[in-house]
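Colleague: I have a model open and would like to learn how to read it. Could we go through it feature by feature?

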Amino acid sequence: MSTPVKKVPIHLQSSQTRLLIKNGKIVNENEITDGDIYIEDGVIKQLGRNLIIPGGTRTIDARGRYVMPGGIDPHTHFEFEFMGTKSVDDFYHGTKAAIAGGTTTIIDFAFPKPGESPLDAYHTYRLKADGKVCCDYGLHVCLTGWSDQVKKDMDLLCRDHGVNSFKLFMCYDFMVDDGELYSAFEHCKNLGAIAQVHAENGKIIIKNAEKLIAKGVTGPEGHEISRPEEVEAEAVNRACVIAKQVDCPLYIVHMMSAEAVEALQSHRNRYGGNVYGETLACALAIDGRQCRHECFAHAAGHILSPPLRSNAQTPTMLMKFLQADILQVTGSDNCTFNQSQKALGKNDFRKIPNGVNGVEDRMSVIWEKGVHAGIIDPSRFVAITSTNAAKIYNLFPRKGVIAVGSDADIVIWNANETRTISAKTHHQAVDFNVFEGMTCHGVPEYVIVNGRVCVDEGQLRVAEGHGRFIETPVFPPYVYDPEKYITLLTEHKNGTVEQNTQNFQKIHLEQYSCETPTFPESVVNTPSCRGARPEGQRNIQESTFSVSEELDVDKKTSTRVRHPPGGKSSGFW
């Protein structure tokens, strides 16, 4: 009996064909260049002009459009069980919405349930996500306590499961103390991982909230009052100080206030330090006055932690921090709850489930408030929505750049088109949108995910389960200085190397495909060494891309950014 042939839906056949994008302005973090892009088998194969391509190739004319790397949202919470309920956007609806907005990779958080280990939480989230995701995804793992078992799980997650980042909380019921932060940071450093923190002083928040409730302040307005800017700033400073003691790279998630960012910058100015800051799309577009709205559903719909700030100037200040590279990354912190779920805190603001939408609207909102407003240029937009996250989490240059050998995750962006955001038209499962009624200039006209055209002239066509889990290797070279760690390797010639040097050697032997580790001379170059690699494995570092040769810049228009974000002129990466 013959096996029936499985028919491929018409809208998925693009994954099996070739694609040429012509006449667009190709935007990377350090330049804007006119050129064409040829894609085959989900990978960028050629860049330049007058490309020689096979017959049967679909052509998209991107004249008058920006062609950019797909967005990377490093902060989502899909199917998250939190505060007595579960976020309504699952991995299908969440990644579908991400693609609709121009994001082609997300990194979610595996959060352990009470009594569940970090390793088991990772497996739980893989089971949730693998059959549903429409785009590629990775996982951070949350640490809700500290023990020898947690330490062992971290080892296994880094070594065997493609995790290189761990999040700790300085508030909520699962907050860790300073000693636990110190131990976790130290172990992250030994593993070559990224330590993340939710920075708010949880004990002060508890006391403030108790006082407010006792005074009869029970509505959503009490949320921000109990979590003032100085409480966020204090925790940022404390986390930076602890990380400095063990020389651990630190990534502070969802920074929401100017005072907190100033604390980060003050620490960086005084001590240097390998500290990265992320802010959110909602923080760049709206402020905390929405949480004082007379309608409970409206006010509660804007509750997240740290809170939106009531200072109307905060969104602009945060955008300027991004422009100046004081902050490096934007996420959505998409953690959505319907109005009925938000009503759990009707009589006590402490019980309002924390979280807002943003995964679908992040790119358009940041373009509107950043590029259209004249604060940042398109190259910086690419850096803060894609490239910097790819670098920090060691996905670059597979993700976050348009280059030969990179994944064909691409957005063709129409900067002249507008759209008005509404819960009535968005693709998320949630019934509320914090950006309701906002008109944005800048629309993803085409979104290409692994070579598949998933948004085609504005029409969304995705397939559940067609995304992949993407490993995030340890010791990202843009975070852990290669020169410093190559010294460690040479110091342990007797074969009894420590765990961190074993991890470092393992990942860099694979990543650079050489018998001995070879590192880029600067952050905007990739090594060209050639050597044996496992059969069938694509060497994402080996690229024939050359701006001067492939794009023939002497003959083509090219605009270079004077201080490329993440480039060697900034001195940060």
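Predicted model: local features only at pLDDT ≥ 70, side-chain atom pairs only at ≥ 80, totals over all residues.

Modeller: We can begin with a helix packed on strands.

Colleague: How many bridges join strand 11 and strand 12?

Modeller: Five bridges, in the parallel sense, link strand 11 (residues 165–169) to strand 12 (residues 194–198).

Colleague: Next, cavities. How does one find them?

Modeller: Rolling a probe the size of a water molecule over the atoms shows where empty space is left. In this structure there are four cavities of 30 Å³ or more, and the largest cavity has a volume of about 150 Å³. It is lined by 17 residues, of which His77, Phe80, Phe82, Tyr172 and Asp333 are the closest to its centre.

Colleague: How many residues of that lining are nonpolar, polar and charged?

Modeller: The lining of the largest cavity divides into eight nonpolar, seven polar and two charged residues.

Colleague: What about the backbone? I would like to know which angles to look at.

Modeller: Most residues other than glycine have a negative phi, and most peptide bonds are trans. The exceptions are the places to look. A cis peptide bond joins Ser305 and Pro306, with omega about -10°. Pro306 lies in the loop between helix 9 and helix 10. The peptide bond from Phe396 to Pro397 is cis as well, with omega near 5°, and Pro397 is found in the loop between helix 13 (378–392) and strand 16 (410–420).

Colleague: Which residues other than glycine have a positive phi?

Modeller: Asn394 is one of them, with phi near 60°; Asn450 is another, with phi near 50°. Asn394 lies in the loop between helix 13 and strand 16. Asn450 has its place in the loop between strand 17 (439–449) and strand 18 (452–456).

Colleague: Are Asn394 and Asn450 buried or exposed?

Modeller: The cut-off for buried is under 20% relative accessible area. Asn394 has a relative accessibility of 5%, so it counts as buried. Asn450 is at 11%, and therefore counts as buried too.

Colleague: Where does Ala312 lie, and how does its accessibility read?

Modeller: Ala312 lies in the loop between helix 9 (296–300) and helix 10 (314–323). Its relative accessible area is 33%, so Ala312 is partly exposed.

Colleague: Which residues does Ala312 touch, not counting residues up to four places away in sequence?

Modeller: With those left out, Ala312 touches Asp287 and Arg289. A distance in sequence and a distance in space can also be read together. Ala312 and Ala285 are 27 residues apart in sequence, and their C-alpha atoms are 9.9 Å apart in space.

Notes. Residues numbered from 1 in each chain as written. Heavy atoms only, no water. Pairing = 2+ DSSP bridges. Helix = DSSP H or I, 4+ residues; strand = E, 2+ residues; numbered from the N terminus. 1 Å grid on protein atoms, 1.4 Å probe; cavity = no way out; pocket = protein on both sides within 12 Å on 5 of 7 lines; lining within 4 Å. Points joined across faces, edges and corners; volume = space filled by probe spheres on them. Nonpolar A, V, L, I, M, F, W, Y, C, P; charged D, E, K, R; others polar. Buried < 20%, exposed > 50% of the residue type's maximum accessible area, 1.4 Å probe, protein only. Contact = heavy atoms within 4.5 Å.
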